[in-house]
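Open the model in your viewer and keep the sequence panel beside it. The stops below are meant to be selected in order.

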Amino acid sequence: MSTGKRIALALLLCGVVYSPAKLYWAERQVASFCDGVAVGASVEELERRAKDAWLEIKKLPAMTFDGKPVPAKLLVWEGFAFGRWFCEIDHTNGKADAKRLSELD
């Protein structure tokens, strides 16, 4: 088999096997994580759990937008550019107030 055919086969396998498997894993991991978030949970503990689950994390401070307060958030996500799942956690004083699970595709 020529090098070109091997490269084409490898790319095909990545697209057919790896991508769907990665998307399935990402959806399951984020949904499972978000299901386990309870109001009043420690944000520090949630961050540790997300890291242990190999999920991406972004912390956003509380702010004001158009004169309205926006709570601090912990965003936990995973996926590809064309398929991502998010668990958005609002928090105050280091404790979770609310959570939302969403998808971006």
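Start by selecting glycine 94, which sits in the loop between E5 and strand E6 (95-104); helices (H or I, at least four residues) and strands (E, at least two) are DSSP runs, numbered from the N terminus. The model is predicted, so local features need pLDDT of at least 70 and side-chain atom pairs count only at pLDDT 80 or more, while totals for chains, interfaces and linings use all residues. Residues are numbered from 1 along each chain as its sequence is written, and side-chain values use heavy atoms, with hydrogens and water left out.

Glycine 94 is partly exposed, at 33% relative accessibility (buried means under 20% relative accessible area, exposed over 50%, partly exposed in between, with a 1.4 Å probe and protein chains only). Not counting residues up to four places away in sequence, glycine 94 touches Ala41, Ser42 and Val43, where contact means heavy atoms within 4.5 Å.

Step to asparagine 93, in the loop between E5 and E6. Asparagine 93 is exposed, with a relative accessible area of 77%, and has a positive phi, near 50 degrees, although the residue is not glycine. For another positive phi in a residue other than glycine, select aspartate 66, where the value is near 55 degrees. Aspartate 66 lies in the loop between strand E2 (63-65) and strand E3 (68-70) and is exposed, at 68% relative accessible area.

Next, select aspartate 90 in strand E5. Is aspartate 90 buried or exposed? Its relative accessible area is 10%, so aspartate 90 counts as buried. Show side chains: a polar contact of 2.7 Å joins aspartate 90 and lysine 73 (a pair of N or O atoms within 3.5 Å; within protein, one must be able to donate a hydrogen and the other to accept it, and residues adjacent in sequence count only if both atoms are side-chain atoms).

Finish in the largest nonpolar core, which has 19 residues (buried Ala, Val, Leu, Ile, Met, Phe, Trp, Tyr and Cys residues joined through side-chain atoms within 4.5 Å). Select Phe33, Val37, Leu46, Leu55, Val76, Cys87 and Ile89, those with the most contacts inside this core. Helix H1 (3-35), helix H2 (43-52), strand E4 (72-80) and strand E5 (83-92) each give two or more residues to this core. The largest share, five residues, comes from H1.
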